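Q: I am new to this structure. Please show me how to read its features, one at a time.

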Amino acid sequence: MIISFVKEDVNAYKYNLPPSMCIISATVERKGDWQNALQLAADVLRSKLEPFGEKWKLFLWLKTDSYTSSRFRRNKHIWNNQNLKWLRKDQCILHSHKDNDEEFYSATASVDKTQLESCLDFVRTNKESFLFALNDENKDMDILDSFLSENCSDFEKIVSFFFERNILFIRVFGNFDDKELSLDFFGQEQSLSEMFGDMAK
């Protein structure tokens, strides 16, 4: 498999992103099924986070569909999701939301570095889930969840929101018959310089 790292031009994106944003894309060539590509991508992400110990912590955010049925059913939608069997309840902060006459749940979960392969596989196929890394434990998860719940379909707003707060946003891209799996890192130059060195400058 081939892996490449490229610093992207923020001005080349169709989105209106902060001009000082740094974007680095790590691309893995897929051969056959997704398993090998996911394993290599997980190794890349792990190698970028591990040298900093507890400084950068990885989190997954996701939401359920909206329901008008019972709370029990909504709750089960997360815990009985076959694609989330790798995620333990004690890793999650569960949030309940009302959306007009309907309700939905969201969850913010700390991700163990041994779970990266499963996490990347989930995020690449689920449009209402996001992966991000914090370098400050004091970030308010309730504020993050509230913003993501209201703006989960607006990529531009989400990336800009994270950038302003020095939160590293990681977009996982690769599905169906794509030939590549990519991890796109969106963040402040100083933060990405810690992970990618001079490439981020």
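A: Start with strand pairing: two strands pair if DSSP finds at least two bridges between them. Strands (E, at least two residues) and helices (H or I, at least four) are DSSP runs, numbered from the N terminus. Here β2 and strand β8 (residues 180–187) are joined by eight bridges and run antiparallel. This is a predicted model: local features need pLDDT of at least 70, side-chain atom pairs count only at pLDDT 80 or more, and totals for chains, interfaces and linings use all residues. Residues are numbered from 1 along each chain as its sequence is written, and side-chain values use heavy atoms, with hydrogens and water left out.

Q: Which residue in β8 stands opposite I24?

A: F185 does. β2 also pairs with strand β1 (residues 3–8): six bridges, antiparallel. There, V6 has S25 as its bridge partner.

Q: Why is β2 described as largely enclosed by the rest of the structure?

A: Look at burial. Buried means under 20% relative accessible area, exposed over 50%, partly exposed in between (1.4 Å probe, protein chains only). Strand β2 (residues 22–29) has eight residues, and seven are buried, so the rest of the structure largely encloses it.

Q: How many residues of strand β6 are buried?

A: Six of the six, residues 129–134, so β6 too is largely enclosed.

Q: Which strands pair with β6?

A: Strand β3 (residues 57–63) pairs with β6 over six antiparallel bridges.

Q: How do I read a helix?

A: An α-helix has 3.6 residues a turn, so residues three or four places apart point the same way. In helix α3 (residues 116–125), the buried residues are L116, C119, L120, F122, V123 and R124. They pack against α1 (35–49), β3, β6, β7 and β8.

Q: What is a nonpolar core?

A: It is a set of buried Ala, Val, Leu, Ile, Met, Phe, Trp, Tyr and Cys residues joined through side-chain atoms within 4.5 Å. In soluble globular proteins, nonpolar side chains tend to be buried together. The largest core here has 42 residues, and L45, L58, L60, L120, L183 and F185 have the most contacts inside it. Helix α1 gives the largest share, seven residues. A second, separate core has 24 residues, including Y13, F147, F163 and I167.

Q: How many disulfides are there?

A: A disulfide is a pair of cysteine sulfur atoms within 2.5 Å. The whole structure has zero. The sulfur of C119 lies 11 Å from the closest cysteine sulfur, in C92, so that pair is too far apart for a bond. For C152 the closest is in C119, at 17 Å, again too far. C119 is buried because its relative accessibility is 1%. C152, at 13%, is buried as well.

Q: Which side chains make polar contacts with H97?

A: A polar contact is a pair of N or O atoms within 3.5 Å; within protein, one must be able to donate a hydrogen and the other to accept it, and residues adjacent in sequence count only if both atoms are side-chain atoms. H97 makes one with the side chain of S106, at 2.9 Å. Another, also 2.9 Å, joins the side chains of H97 and D145. H97 lies in strand β4 (residues 92–99). At 15% relative accessibility, H97 is buried.

Conventions. Contact = heavy atoms within 4.5 Å.
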